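Me: I'd like to go through a few side chains with you. Could you keep the answers plain?

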Amino acid sequence: MTIGARVLKTGLAVALAIYLSNLLDFPSPIIAAVASIFTIQPSISRSWQQVVDQLQTNMLGAAVALAAVRLFGHTPIAVGLVCIIIILISIRLRMENTIGLTLVTVVAVMEANEQGWLFAVDRFLMVLTGMAAAFAVNILVIPPRPRKLFTAQVQEAYTQLSLLLRMAISNEMREDVHRKEKEKLQGTLRKLDEAYLLFEEERSLMPQRKQVRARQLILSKHLIKALHQGVDLLEVVEEHYFSAPGAEAWAQRFDQQIEELTKYHEQILLKIEGKMKPNAAIEPEEEREARLINQLTEYLRDDPDEHKRLVFIASAMLEYAYHLRRLERVSEQVQQREENAG
């Protein structure tokens, strides 16, 4: 088991919140520690947005709590009603992710108001201290790098996809191993989608960096699309190939075509990483694709109902190839514009 950056930073944020609480002579460091846990986020932009949202809803919650104590007193029913009101307001403001910490503030302020208004303010300041500690740790300690994480997960997803595609026609992989590898691939793609969202949320204050970021976002979208098309091809092969009559006669041609496509995909990724010569010709021959289409067209004419399954597979291959070529063109345009800008 490895300790991730977010796990480590959560521990550091809690420690810093407790240290600051003791330094500022707060009655208890618990509230600040809880606030720091809620504020840690996987990206700096999301962490900052969390701080802004938490600040707004916590100030609102503290104000409602103080008003409720004055009007209704400090009773369990009053605390419960205020919590319901704060939840509804947070949902209305589309700040559902702040509900947990805001409720902590509400309960703390209402519980402390019996000891005086200033004591209630201290409780609110504890929350702000925890939020500040978490934000500082998130920026200064192993700052989130969504782009780096995204690139690593693209490579991981391709490696898993390539293995499954290359073994799809031959069906030589054990079923339990195939199932585990496919589950890994699906998990990696989910993480990849999350990493893309984090990368998409990152903001740049410099106009030049905004343009670079916009180009990288376009490239990232095509990287994800190509991987999903590869998964679609895998699904089509598993659904139709082994149920198609006479499929064995096409095994070598399909296997060779898939091998070319996975190799092409790999070379595009290497080219994006700058590990290949700029003018290297990596695109597969379109003549072989055209020949395969012509052969399948003739094959389909013999018995359309029985032979159309193989056409579905060929169609998925062509779709995968189309998005790979599109990815290569986009990557070349992005690299060229970055070179010109540099």
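Me: Leaving aside its neighbours within four places in sequence, which residues is glutamine 267 in contact with?

Reply: Glutamine 267 is in contact with Met276 and Ile282, where contact means heavy atoms within 4.5 Å. This is a predicted model, in which local features need pLDDT of at least 70, side-chain atom pairs count only at pLDDT 80 or more, and totals for chains, interfaces and linings use all residues. Residues are numbered from 1 along each chain as its sequence is written, and side-chain values use heavy atoms, with hydrogens and water left out.

Me: Is glutamine 267 buried or exposed?

Reply: Glutamine 267 is buried, at a relative accessible area of 17% (buried is under 20%, exposed over 50%, partly exposed in between, with a 1.4 Å probe and protein chains only). Its place is in helix H10, residues 251-272, helices being DSSP runs of H or I of at least four residues, numbered from the N terminus.

Me: And glutamine 252, where is that?

Reply: Glutamine 252 is also in helix H10, but it is exposed, with a relative accessible area of 67%.

Me: Switching topic, how many salt bridges are found in the whole structure?

Reply: The search finds 8, a salt bridge being a side-chain nitrogen of Lys or Arg within 4 Å of a carboxyl oxygen of Asp or Glu. One of them joins lysine 184 to glutamate 181, with the closest N and O atoms 3.7 Å apart.

Me: How are lysine 184 and glutamate 181 placed in helix H8?

Reply: They are 3 residues apart in helix H8 (residues 175-201), so about one helical turn separates them. Glutamate 181 is buried at 15%, whereas lysine 184 is partly exposed at 46%.

Key: Helices (H or I, at least four residues) and strands (E, at least two) are DSSP runs, numbered from the N terminus.
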